Amino acid sequence: MSDNHLTRIKDDLKNVSSENELMNVKSKYLGKKGEITLLTNSLKDLFIEDRKKQGAKINNTKKKMELLLENKLDKIRSELIDAKLSEEKIDVTLPPRGSSFGSMHPISQVLGEVVAIFTDFGFEVTEGPEIETDYYNFESLNIPKDHPARDMQDTFYLEGDKLLRTHTSPMQVRIMEKNKPPIKIISPGKVYRCDSDVTHTPMFHQVEGLFVDEIVTFGNLKGILIEFCSRFFGKDIKIRFRPSYFPFTEPSAELDIEWTDKSGDKTWMEVLGCGMVNPKVFEFVGYQHNQFSGLAFGIGIERLAMIKFGITDIRYFYQNDLKFLSQF
Ligand code: PHE
């Protein structure tokens with residue numbers, strides 16, 4: 001009898017292709033009114049001996065059936081997954097999803113523009129170390145150990161006489177030590193100072209300029225810088241040269257540009273220091289007295305970018321805020 005049941009359920013399962021159909025087969029045999037359930041119910045009418053025998057047989061059949069049903073269920077489910085997967089196709093002809101490309105940091109953009117303008121003027125580009133010695137950063141630029149000018153450029157000191165350079169001016173000395181005039185270079189790079197407020201960050205960028213020849217004049221200096229400003233900002237910008245002091249230039253000046261500050265007021269912002277190379281510096285690099293003259297300048301790149309893009313707080317450049325950066 002039970003063997004017969006097993007053969008029949010196997011036949012039934014052969015025609016099953018969904019979970020629903022499987023449930024129907026299951027209830028046909030094992031449901032409340034299923035054939036096996038009814039058989040089990042009828043056991044009570046048998047004598048004890050037969051009841052034991054038949055009971056064991058039925059239980060055995062029931063277990064085998066449950067196993068068959070379980071296996072069939074697994075098979076149905078895995079066939080379903082296979083079918084789904086084979087339906088999914090990759091359409092290589094679809095256009096790609098738009099992806100957002102990064103853009104150049106505004107400071108890199110401005111640095112690139114500044115370098116391009118001076119290369120156009122015939123300046124060669126050369127880069128120097130950010131870790132400098134006290135000698136190149138201060139001493140050889142006519143800033144001796146106890147000079148008050150050191151206070152204006154307080155920096156980060158490293159082991160020995162090393163420090164993070166406070167300006168790109170050390171490159172003036174490094175270049176002149178190795179070359180005889182004519183020299184016409186710019187040197188872009190990072191510089192460091194213990195400073196932080198709306199117009200100062202501890203790290204910022206400068207472009208140093210140096211032009212040394214037999215006769216270089218203050219007129220040349222003004223001409224180069226005025227032409228630079230009008231190329232960089234356009235003709236409408238208002239600039240002024242203001243007398244200043246740097247130990248390594250004489251005379252010295254700063255160049256201010258008119259801009260609108262955070263509170264909406266028009267004021268001047270200092271964007272570069274400049275002057276005629278101090279003969280003391282020529283002595284340090286071993287040039288003959290009175291043989292050459294030179295002009296030098298150091299441009300603050302972040303300041304230029306603030307004016308160009310109308311940004312009132314320099315610290316925005318270094319907060320890595322994509323909402324800010326993606327505007328450029
Ligand atoms: N190094 C000066 C500074 O960082 C700028 C400067 C450069 C001034 C060259 C004169 C000549 O403030």
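The model is predicted, so to speak of local features a pLDDT of at least 70 is needed, side-chain atom pairs count only at pLDDT 80 or more, and totals for chains, interfaces and linings use all residues. Residues are numbered from 1 along each chain as its sequence is written, and side-chain values use heavy atoms, with hydrogens and water left out.

Select residues 2-87 for domain 1 and then 106-325 for domain 2, as given by the domain assignment, which is an automatic or database one. The C-alpha centres of domain 1 and domain 2 are 89 Å apart.

Next, select the ligand and show the 15 residues around it, of which His167, Ser169, Arg193, Gln206 and Gly298 come nearest; a residue is near if one of its heavy atoms lies within 4 Å. By class, this shell holds 5 nonpolar, 8 polar and 2 charged residues, with Asp, Glu, Lys and Arg counted as charged and Gly among the polar ones.

Now display the polar contacts, which are pairs of N or O atoms within 3.5 Å. In the side chain of His167, an N or O atom is 2.9 Å from a nitrogen atom of the ligand, while a polar side-chain atom of Arg193 lies 2.8 Å from a ligand oxygen atom. For Gln206, a side-chain N or O atom is 2.9 Å from an oxygen atom of the ligand.

Finally, colour strands S5 (203-213), S8 (266-277) and S9 (293-300), each of which supplies at least two residues of the shell around the ligand; S9 gives the most, with 3 residues. Strands here are DSSP runs (E, at least two residues), numbered from the N terminus.

Definitions and conventions: Polar contact = N/O pair within 3.5 Å; in protein donor to acceptor, adjacent residues only side chain to side chain. Helix = DSSP H or I, 4+ residues; strand = E, 2+ residues; numbered from the N terminus.
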